[in-house]
Amino acid sequence: MSKETKKKIYLIIAVVVIISIVLEAIFAHPHGHEIWHVVPGFDVLIAFFGGWILILFAKKVLAPALQRDEDYYDRKNGGDKE
C-alpha cells in the first residue's frame with residue numbers, strides 16, 4: 001500500500017471519528033450516572049481505541065502464535081509431493 005493511500009485512509013478515519021463525536025454531542029441525551037457517560041464522544045473514542053488495540057493484539061500476539069510456515073505440512077510429511 002502506498003504512502004498516499006495510507007494517508008487517505010487515515011484522513012477518512014479521522015473525519016468519521018470527528019463526525020461521530022460531533023453528532024453524539026448534538027443528538028445524544030446523556031443520562032448516565034458516571035462521568036464517562038456524560039462526556040460527549042467518549043463512547044466513540046473507547047470503541048475506536050478498543051478496536052485498534054484488538055487489531056494490534058491480533059497482529060502482534062495471535063498471528064505469530066497461530067500462523068505456520070508456508071511449507072509446514074510438507075516438512076511434517078517428509079516433503080513428498082505428488
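Student: How far apart are Phe-49 and Trp-52 in helix α3?

Tutor: Helices (H or I, at least four residues) are DSSP runs, numbered from the N terminus. Phe-49 and Trp-52 are 3 residues apart in helix α3 (residues 42-66), so about one helical turn separates them. This is a predicted model: local features need pLDDT of at least 70, side-chain atom pairs count only at pLDDT 80 or more, and totals for chains, interfaces and linings use all residues. Residues are numbered from 1 along each chain as its sequence is written, and side-chain values use heavy atoms, without hydrogens and water.

Student: How many aromatic pairs are there?

Tutor: Rings of Phe, Tyr and Trp (its six-membered ring) pair if their centres lie within 6.5 Å; planes under 30 degrees apart count as stacked, over 60 as edge-to-face, the rest as tilted. That rule gives 2 aromatic pairs. Phe-48 and Phe-49 have ring centres 5.2 Å apart and planes at 75 degrees, so they are edge-to-face. For Phe-49 and Trp-52, the centres are 6.4 Å apart and the planes again at 75 degrees, so this pair is edge-to-face. Ring pairs link Phe-48, Phe-49 and Trp-52 into a cluster.

Student: Which helix holds Ile-13?

Tutor: Ile-13 lies in helix α1. Its relative accessibility is 34%, so Ile-13 counts as partly exposed.

Technical notes: Helices (H or I, at least four residues) and strands (E, at least two) are DSSP runs, numbered from the N terminus. Buried means under 20% relative accessible area, exposed over 50%, partly exposed in between (1.4 Å probe, protein chains only).
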